[in-house]
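This report looks at one pair of packed helices and at some backbone details in loops. The sequence and structure come first.

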Amino acid sequence: MKSLVLAEKPSVAKEIARVLGCTNKSKSYIEGPKYVVTWALGHLVELAEPEAYDKKYKTWALEDLPLLPQRMNIRVMKETSHQFKAIAALSKRSDIKELIIATDAGREGELVARWIMELIHWKKPFYRLWISSQTDQAIRDGFSKLKPGAEYNNLYRSAVCRAEADWLIGLNMTRALTCKYNAQLAAGRVQTPTLSIIMEREQEIAQFQGKPYWQLQAQLGGFTAMWKQQSSHDGRLWQQEQAEQIKESIKDVKQATVASLKVSEKQEQHPLAYDLTELQRDANKKLGFSAKMTSNVLQKLYEQHKLVTYPRTDSRYLTSDMAATLKVRLERIAIGPYRDSAKAILKKPLNITKRIVDDSKVSDHHAIIPTDEPVQLNVLTNDERRLYDLIVRRFLALFSGPYRYDETSVELAVKDQRFYAKGRVEKDKGWREVYTVSREPEEQEEELALLPTLKKGDQVALRGMIVKSGMTTPPPRYTEASLLSIMEKHGLGTPATRADIIEKLLSTETIERRGHSLHPTAKGKQLIELVVEELKSPQLTAKWEKQLEDIARGRGDAKQFMTHIRTQAEQWVGQVKRENKEYKPHNITNSRCPQCNEPLLEVKGKQGKRYVCASRECNYKRMAEPIKINKRCPQCRKKMELHDGKAGKYAQCRPCNVIEKLDDKGNAKVNRKETAKLLKQYSNDGGGLGNSLAEKLKAALEQNE
C-alpha cells in the first residue's frame, strides 16, 4: 500500500519525490515504492462564479443584487482541470491507503488541498506535512513527524471564511458600484480601507499650509550648536525678527561657556529577525523592491535554492527546538562576504536570548532565517543575491553584541542665550559591525557628530552666527515600505496577502507609483467618495481579521462570522442603490465610438493603451497606439510596430518607412491569438543569450518567406 502526497506546485513535488525515492515519472505524478507524489497548480478549485447559481447573473444588473447564496459552491478551474482529473484518478487507486497534504504550510495551502479533497470525495485517512524549509533534512524530518489532518480543521474553516467573505463583499460591492455608476469600480474587504488610508494622507497633504521658520546656529571651534529656548525645545522661531534680534544681541561675543555637560553610556540591542512584512519594508527602503517583487524573489530562495525558511510568516522569533541548529546554519553561511563575521561569532558560545528564541511569540511559523543548506552565491541572480544578503546579515546580527557608545549633551551659554549640541563617541560597534560594508547613506547621516573633549566651565571660541530659514513640510506620501507598516498596524490583510493587495490597487488604476511614492489616481479619489463609509474603515477590517485568526485558533464561531458578513453585504448594496452621487470617468477622451457614438475611454493594458466604448452594451475597442514587437528595423534597428492591413499583418518602422509583411493570410482583422503568437514569435522570451539579433531576424524572415 502507498501514500498519496499532494504538493502545491510541480517544483516542490519534484523535490519531495526525490527525497522520498520516487523515480517513476508520469505526466501528472511521480511514483516510488511507498509514495505517489502529485501536485496542484496553485489553486485547482475555486468558488463558483455567480452564473453557476443562475445564468441570469452572467449579465451584471443592479436589481439582481445582493448575491447571497445560502451555500457557497466550489468548482474545478477549467484551465487546470486536467491535473484535477489526474489527482481524482490517483485517489481511486486501490493501492492508495492515505493522503498526505504537503501544500504550503499556511491558511492558503490548507484551502488548496481541502477543496481538492472535497471534490474528489476523499474518505480515507489523511495527514499533514508541516515544515518551515524545503531542505532534504526538513522534508525527511517532516515525514517522520506527520500530524493527523483533523488537527488543522480550524485553519481550514478560517480559510473558507476568508475566501467566502472576500467573494461576498468584493463581488457584491464591485458589481453594485460598477452597475450604479457605469464604470469599472472594484471594491474589496481589504483593498478599500487600504485605498482609504492613502486618500486620507493625500487630503492631509492637500490641506497642509507650509509655514516659514528660522533657526540660529552657532559656529564653534570644531562643531556647531543650535539655539533653543530650553533643552526640550526644537529650536524653531516663527518670526524672523526674533531670530535676528537674538543674533544682534550676541554679535560682539567671541566665546561661549560650557554651562553643563552630560555624558551617557547608551546601547542599542540587535534588531529582531525578519518576518515577511519587515523584510518587504527593508527591501523596499534599501533595494527599491516592491512588496510583490520581494515575495517572488523570496519564494525562489525558499523553493528553488532552499536557502531560507518559510517566507509567509508573521513572527520575528525562533522556537526553542531550533536552538541546536543555529550553529550549523552559521557555519553554512561562513563564506565570501560573511566569513569573517560568522567565524568571529562561532569562536564563542552562542548567546541565545529571548530576543532570538521565544516560543510564546511563534504561532504557525518562526522568523525567516538561512537554512543549513550549502550556499553557492554564484548561482543566485542579482536580485536573489541582494535579498539573501539582507536575510544573512540580519541573522548574523542576532548573535552579535549591542552597539555601545557614549552620548555627550552639551549646553553652552552665550550671554543670556543658550545653545545645545549633541555628539557621540563609539565604544563598541557590536551588531552594527555586520552592516559596516552595506550601511545605507541615510543610516550614516543619522550618526551624531563627534565633539571635542569638553568640561564644565570651558571657554569655546565663537566664530560666527548663522540664521537659517526653513519651511514646514506636509507629511510624506506613502512608499510601499511605510504603507506595509500602516497596514500591519491596522491589521489589514496578512503578511502573505499585503503585497497582492497593493498590486490589486495598482492594476485597477486606483493608485499609481511615481518614483518610490504611491499616489491615488483620479479614479481612486472618486471611488473613495462613492464607496459606503463603513467599508473604508480599517478598524472594521482589522476586527474581521482578528475574528478569522480566532477561528483558526479554535476560539471563534465560523457560522456567526459568515452571518455577519452576509448581513453587511446586503446593507451595503442597499446603500449603493439609494445613493444619488455621480461618477465622472477620469479617462474619457474626445473621440467617439464609431458604432454607438458614445465617448471612448482610454484603458491601459499589457500590450499598451486601448480605447474602449463607455457604453457597457457596446463591445467596441481598439488599440490607442500600435503594438511594438521585438522585430527590429533593418535600417535604424529600432522596434517595429505591428499593423493589420488588407493584405494581412505587417511590421512597420515609421521613421524609415520600412514595411515587412508578417503573414499571407489576408485577414482584415487582427485575431487576438494570432497577435499573441506574433508577439511571442518576435519577442526575446526564450532565445537564450547566445543568439544574436541578426540570427533571430534572419530566422524570422526565412520562416515568413
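## Two helices in contact

In helix H5, residues Asn154, Leu155, Arg157, Ser158, Cys161, Arg162 and Ile169 meet Trp544, Glu545, Leu548, Ile551 and Ala552 of helix H17. Contact here means heavy atoms within 4.5 Å. The residues of this contact divide into seven nonpolar, two polar and three charged. Ala, Val, Leu, Ile, Met, Phe, Trp, Tyr, Cys and Pro count as nonpolar, Asp, Glu, Lys and Arg as charged, and the others, Gly among them, as polar.

This is a predicted model, where local features need pLDDT of at least 70 and side-chain atom pairs count only at pLDDT 80 or more, while totals for chains, interfaces and linings use all residues. Residues are numbered from 1 along each chain as its sequence is written, and side-chain values use heavy atoms, with hydrogens and water left out.

## Angle between the helices

The axes of H5 (residues 153-181) and H17 (residues 538-552) come within 7 Å and cross at roughly 150 degrees. H5 is therefore roughly antiparallel to H17 (under 35 degrees counts as roughly parallel, over 145 as roughly antiparallel, 65 to 115 as roughly perpendicular, the rest as oblique). Axes are lines fitted to C-alpha atoms, for helices over the stretch in contact, and angles run from 0 to 180 degrees between N-to-C directions. Helices (H or I, at least four residues) and strands (E, at least two) are DSSP runs, numbered from the N terminus.

## Backbone details in loops

His121 is not a glycine, yet its phi is positive, about 55 degrees. His121 lies in the loop between helix H3 (107-119) and strand S8 (126-128). The peptide bond from Leu65 to Pro66 is cis, with omega near 5 degrees.
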